[in-house]
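Take a first walk through this structure.

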Amino acid sequence: MDVDMNTLLIVITCSLLAGLAMALGAVLAYLEKIDNQWIEDELRHGITAFGGGALLSAVALVLVPEGIANLKPVSASIWFLSGGVCFMLLDIFLKKINTPASQLAAMLSDFIPESIALGAAFATGSSNAYLLAALIALQNLPEGFSAYRELNSTAAYKPKKIITVFALMAILGPISGVSGYFWLSEFPQAISAIMLFASGGILYSIFQDLAPQVKLEKHWAPPMGALLGFVLGMLGLMLTTH
């Protein structure tokens with residue numbers, strides 16, 4: 001394929017910025033010190049709900065519509081369900097080894113295939129490429145927030161070390177994005193399979209990890225974060241297609 005250096009630079013920049021949203025989420029979690037327990041609970045659950053809404057919008061508005069475009073119904077269903085099953089098995093494995101990094105693993109499991117799909121989307125000239133980049137960043141922000149809190153709950157992980165590791169993990173974005181740009185742009189069915197696989201995994205994560213954390217007894221505001229996260233994706237789709 002002919003390499004467009006400007007497009008390649010955009011892939012690297014977008015995937016890197018999307019990855020750095022993980023570190024930004026960790027920084028926000030580090031700085032978040034609210035004396036009022038009620039407000040802190042509302043904020044924490046609202047951020048979790050926002051992440052769920054952003055993830056859901058990525059699935060509903062970009063990943064699934066793009067994924068089913070090049071696959072037959074049976075193949076699409078198999079890839080989608082495979083993603084959910086693999087994420088479930090990963091969840092079970094992490095639970096068995098009792099690691100405090102389940103949110104981190106889930107975050108990377110989303111980020112890497114999405115970045116591969118992002119690179120391929122730019123290579124094929126997809127109109128949703130920028131929207132996908134924005135949605136990846138939107139979901140990485142609250143996921144970074146939650147993963148930081150999970151890791152920081154044990155004495156083994158110091159705040160600055162966690163934030164540094166999250167920032168370094170952002171490099172996985174350009175690596176995955178460039179891989180998708182060079183090697184998958186000629187294989188639209190492979191791109192679709194990756195998108196649907198990621199979609200199944202994300203949907204599993206939403207209902208297994210995020211949604212149960214949103215509800216607070218006698219509090220009704222946090223679920224609105226999910227609506228806000230989804231509507232931002234919806235607005236992005238409308239702005240890029242009209």
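This is a predicted model: local features need pLDDT of at least 70, side-chain atom pairs count only at pLDDT 80 or more; totals for chains, interfaces and linings use all residues.

Residues are numbered from 1 along each chain as its sequence is written, and side-chain values use heavy atoms, with hydrogens and water left out.

The protein has nine helices and zero strands. Helices (H or I, at least four residues) and strands (E, at least two) are DSSP runs, numbered from the N terminus. Of the 242 residues, 48% are buried. Buried means under 20% relative accessible area, exposed over 50%, partly exposed in between (1.4 Å probe, protein chains only).

Now look inside. The largest nonpolar core holds 44 residues. Such a core is a set of buried Ala, Val, Leu, Ile, Met, Phe, Trp, Tyr and Cys residues joined through side-chain atoms within 4.5 Å. Tyr148 and Phe166 are among the members that touch the most others. Several helices each supply at least two core residues, including helix 1 (5-31), helix 5 (129-152) and helix 6 (159-169).

Stay with helix 6. Its buried residues are Ile162, Ile163, Phe166 and Met169. They lie on the same side of helix 6 because they cover an arc of only 120 degrees around the axis, taken from the directions from the helix axis to the C-beta atoms. The face turned away carries the exposed Lys160, Lys161 and Leu168.
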